[in-house]
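Here are my notes after a pass through this one. Have the viewer open while you read, and go point by point.

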Amino acid sequence: MIIPHPLLGPRDAREFVYLGDAALLDRPDGLAADADRLFHDYLYLRDNPAGIHRELWFHEHGDRSWLVVTRDTVTHAILKAELAGDVARKRRANG
Amino acid sequence: MVDHRLAPRSALAGQTSPLAVAGRVLSEVAGLAMVSVAARSAEDAAVADRLAVLAGAPMPEPGRCIGDASLRILWTGPGQWLAIARASEWPGLAAMLRDSTDGKASVVPQDDGWTCMAMEGHDLDTVLERLTPLDTRAMEAGHASRTPIHHVGVFLLCIEPGRCAHILAPRSYARSVHHALADALRASAALESMGT
Amino acid sequence: MAEPNRLDGGRIDRASPLTFSFDGKTFAGYRGDTLASALLAANVKLVGRSFKYHRPRGILTAGSEEPNALVGLHRGARHDPNARATTVELHDGLVAVSQNRWPSLAFDVMAVNDVLSRFLTAGFYYKTFMWPKRFWEKFYEPAIRSAAGLGALSGEPDPDRYDTGFLHCDLLVVGGGPAGLAAAMTAARSGARVILADEDFVLGGRLNAETVTLDGEPAAVWLRRALDELHAAHNVRLMPRTSVFGAYDHGVYGALERVADHLAVAPAHLPRQVLWRIRSRRAVLCAGATERPIAFANNDRPGIMLAGAMRAYANRWAVAADRTVAVFTNNDDGHRTASDLLARGVSVAAVIDARPDAHAQGNYELHRGAIVENTRGRKALTSVDVRRADGSRVTVPCGALGVSGGWNPAVALTCHQRGRPSWDASLAAFVPGADLPPGMAVAGAANGSFSTHAALQSGADAASHALAELGFEAPAAALPLAEDAPVRIQAFWHVASGKGRTWLDFQNDVTVKDVGLAVQEGFRSVEHVKRYTTLGMATDQGKLANTGAIAALADLTGRGMGETGTTMFRPPWTPVPIAAFAGRSRGKDFRPARLTPSHDWAAEQGAVFVEAGLWLRAQYFPRPGETHWRQTVDREVRAVRQAVGVCDVTTLGKVDVQGSDAAAFLNMIYCNGFSKLPVSRVRYGLMLREDGMVMDDGTAARLADDHFVVTTTTANAALVYRHMEFVRQCLRSDLDVQLVSTTEAWAQYAVAGPHARALLAGIVDPPFDLGDDAFPYMACAELTVCGGVTARLFRISFSGERAYEIAVPACYGDSLIRVLMQAGAPHGVTPYGTEALGVLRIEKGHPAGNELNGQTSPAHLSMARLVSTKKDSIGAVLSRREGLSEADGLRLVGLEAMDGETALPAGSHLFAPGRPHDPGHDEGWITSAAYSPHLGRSIALAFLARGDSRLGETIEIANPLQGQTLRATVVHPVFIDPEGTRLHG
């Protein structure tokens, strides 16, 4: 599999380590009143789509960037790859 | 108190170095100082500017390096660079970088954290294609990238396409990487001796 | 005569004669022969015995689809089973043996299976060997195991080298026949980077096997010119002897190059085979087509082969399958064999064409609308029984029969990404379906373009189109004039009349009747029929059998060919040795070895090393006279507690954490607090996973307000760094913090014991004050040692003794350990390894990897109070959930063996005395165990339910794997100095 790194171009998947669903970016507030339930959902409830999936990859043998990769789990086609840091900052800016 | 002195020692001590195989040579580039520079929040551009002043050239794009054997600077990540210099020509490099970036960057000495090996000769791509998933035939002078060679994350620098490449291996892996490079040199030499 | 069947001409090098042996007998051949062609030339018809029934078998094809002629090559450790004689490039001195027969090919005892065949039909595995039940393990299974399989492994390590590599191109052309050559030539002229791969050892594909002309000249002339052009093009890489075996995601193709298999003697260091990962932007599949047979009774006798193969042997290798041949066909192509062989002086006894309207293409007897009903000749064909259109029968004597049931485009690679081929009734063949792997086009016979002209044209067109998509200008190459015969075929799959078994899968011995049996038993899906009958599951993966089986199945279930469909195609197309996948990652080179800065010094001391992940660490340092590791380790442990010891701890992960929000970042990744840690102090850090389990522990040393050095365990260094970057980039991108891994940059040694300070005083440069007031327990500092070398000093202890860790730049690591030994000599310094390191920390009750195995929470470790409630941190919330923090949960305890010396096995489970040893009564398990020289007995750390309220109890330890039951006393986990006075000096 080839992952199109936004800065470095197409790179062999063996340079990367996979973490999981990009939903992991939406970490709840640990001090919230119902943190228990929020963290349980965050960690254990997951969609498992046959189709478009946003997921987190770490470029371990590369620039050590975390990427959010949009990939079709059926065809394996990769539609997009963004720096996770950029995605996180955008989310923060949008509140 | 007895006077104890410390002497530096290469990670490749005891290995055949330089190693010559059928017109290609693998040798260690010793005496290097290495320093990581990571820009602090929102200071990427400012740090790049200051480093450019020190290096005498703008900072490299992703997948590139600038400079020469005296001082090279590699792009290692967003807002991150690795400076590699001849220690004798750049004494106190870390301090120099700290001063020049003036609190806008985190500067971390990496001396000897990496072992630098130079592969020189003809048609190096026939050797490198056995080692790295990078498209080395498309690399030009100044292209530099991290890549796995036999499960080890190394930096590969194209110094002169097809004729000179530098491989930086993490120190603890240096002998294993040297072994892998030597094996590839021998396999390529054997292939070439067949005259296909 | 040595080669009774050799003809004139052919594309072999008669100036290079060779000798080889088969089953101990010596034969002659030429360079350019395959093992199969040379055996046929010598009139060797019998080359193997079939898998199940041990029927005599001969050479069936001229390519990699061969099911019968499987031989073992080479002697000794290099013995290579199941090699297809049809693709073995003959070299001088080649040694080959037949397989699956005992004692010999000619007389095979196991042929008794053939006699018992009616009891061994498809699916018999599921119905026999069931009773009595206990016989399965003792008798049936071992018997089946020794009878199973075709070839045999040598049982010795493979002495050859293999390699892996990576190639990149704009256009990958798979197949070097007319389509592939036209594609490559078109692409070459555009300047694009081209790779042309073909599994054969000469390029040209069927141009080498046919008598077609190109521009009015023999094909060999144009072929020579084309290859010269491609060889000269610097942007073209020609790869003969290379099978492209798989089409993977994103334009990645797997290819196996046989570099040295054809060499009698290979240069040292040359890998025998190379496994290439080819990344191509576009690909054109020009893999051609494989012929399929028609099935009839006793269609498996030696001498019966594919018609196309028969003429390939004649045209390319100048070998007649026999001096008298016949042909059985359902299409025009079969007639080409007859006319080609006639032209070479071979006698063609008859052509039997199933089509009533067939036309002869030469001066031979033609039986229209006729079928072959049976054959004779057990070890070599002697005659075939023909039933003519009018119902009359005639026996045709012949030594070889060429069978042509049509041609199957080689579509496999088009289906490696879940695609399926589609049925083309006009060609009576499966052709590539609509869903091709992205970037792949198909040309030539692989696409159903069977004529030479169509192959050339489609190859050039496909390349042009692909290159245009990439932005290359590809001027159309001038293609030679070539034949453009239409396909004339009438689908005909097997002969229903005739007595005798009608074989579909030659390798797994599956007949038409077996397919019927599967349907009878209710297996109607082609995937079920495959598994029930094992058709298509052998090393040839049913290349010759599948279509005939689908036809039989379609017939029996009243469906069309398209509706019945094919089974799923998966890589590899042809077998790939496991060694090729491994490449250089074998034996000592399986994984890289990471060496510490003191490695060479430790080796000089005679240290015994242990693998800790990829690291080699000194485990213990035996002294002369010590015969058992316990002697050494006990001595090292005592030396640390009584004097001073030095241990290399470089392997622990080190991360440099800087930035104005460095402390806030540490507060996030550790469950305990770091904002208030003063500069020049170190603190223990407990790192949780988000689910509340302990992930790792370590220390964080504050060198400045905005500068920390974090350590991790050796095993988790990479994992923790990855996690820290995740938190930094993804969860807390608001923080100003930067991370740099510095594990490699610093050599670090633990100096532990009552004399540790005295030792260090000998190397620390003045004016640094090592006094306990200036540098108390948990202090850290940047300083210089040995006359100006940068160093860092941390006063932390894993052993429970007064201890320090000293770090210098890695290049000084070797030198420093030697200096420490010198400086420590007056203080009784002892080097100690990981074994003593472990004993010391177990005595001190420090959790390590065994206790932090991902199943344990802070509460289990009695560290729940460490999890701050005042801040958010990774894992804090879920560490407090009921299941992980209940009052009667597991707690870390110590165990002291009642019978002092007997080791308490780590991994054993704990039970209240007298309770049954079953999961219902399980109360915990032992995590770490050691012999404590200090206490003079075996001790352990364990997790025990409600452990902290059970001190003093007797507990039973069960080790059922070794049939052991022991008893121990539950104690506080800190066996030594629980008040910690030794730490503070």
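1. Over residues 599–871 of chain C, the chain is 26% helix and 29% strand. The end C-alpha atoms of that stretch sit 43 Å apart. Keep in mind that this is a predicted model. As for a label, UniProt lists residues 599–871 of chain C as "domain: GCVT N-terminal", and the entry is unreviewed.

2. Still in chain C, have a look at a helix pair. Two packed helices are described by the angle between their axes and the distance between the axes. For helix 5 (residues 178–188) and helix 9 (residues 452–470) of chain C, the axes come within 7 Å and cross at roughly 35°. The crossing of helix 5 and helix 9 of chain C is right-handed.

3. Which residues meet where helix 5 of chain C packs on helix 9 of chain C? From helix 5 of chain C you have Pro178(C), Ala179(C), Ala182(C), Ala183(C), Thr186(C) and Ala187(C). On the helix 9 side of chain C, they meet Ala455(C), Leu456(C), Gly459(C), Ala460(C), Ala463(C), Ser464(C) and Leu467(C). Sorted by type, the residues of this contact between helix 5 and helix 9 of chain C come out as ten nonpolar, three polar and no charged.

4. Now the interface of chain B with chain C. Here 49 residues of chain B are in contact with 61 residues of chain C. The area buried between chain B and chain C is about 4,500 Å², and carbon and sulfur atoms give 54% of that.

5. How many salt bridges are there between chain B and chain C? The count is eight. If you want a pair to click on, Asp706(C) and Arg40(B) meet through their side chains in a salt bridge, at 2.9 Å from N to O.

6. Next, chain A against chain B. In this interface, 13 residues of chain A are in contact with 15 residues of chain B. The buried area between chain A and chain B is about 960 Å², with 61% coming from carbon and sulfur atoms. In chain A, Leu7(A), His61(A) and Asp63(A) lose the most area to chain B, together 43% of what that side buries. As for salt bridges across the interface of chain A and chain B, the rule finds zero.

7. Finally, chain A by itself. Chain A has two helices and six strands, and along the sequence the pattern reads β-β-β-α-β-β-β-α. Taken along the principal axes, the C-alpha atoms of chain A fill a box of roughly 45 × 30 × 25 Å.

Methods:
Residues are numbered from 1 along each chain as its sequence is written. Chains are lettered from A and ligands numbered from 1 in the order in which they are written. This is a predicted model: local features need pLDDT of at least 70, side-chain atom pairs count only at pLDDT 80 or more; totals for chains, interfaces and linings use all residues. Side-chain values use heavy atoms; hydrogens and water are left out. Axes are lines fitted to C-alpha atoms, for helices over the stretch in contact, and angles run from 0 to 180 degrees between N-to-C directions. Helices (H or I, at least four residues) and strands (E, at least two) are DSSP runs, numbered from the N terminus. A crossing is left-handed if the near helix is turned anticlockwise from the far one by less than a right angle, and right-handed if clockwise. Contact means heavy atoms within 4.5 Å. Ala, Val, Leu, Ile, Met, Phe, Trp, Tyr, Cys and Pro count as nonpolar, Asp, Glu, Lys and Arg as charged, and the others, Gly among them, as polar. UniProt positions are given in the numbering used here, feature names are shortened, and annotations may be inferred rather than shown by experiment. Buried area is the accessible area (1.4 Å probe) that two parts lose on being put together, summed over both. A salt bridge is a side-chain nitrogen of Lys or Arg within 4 Å of a carboxyl oxygen of Asp or Glu.
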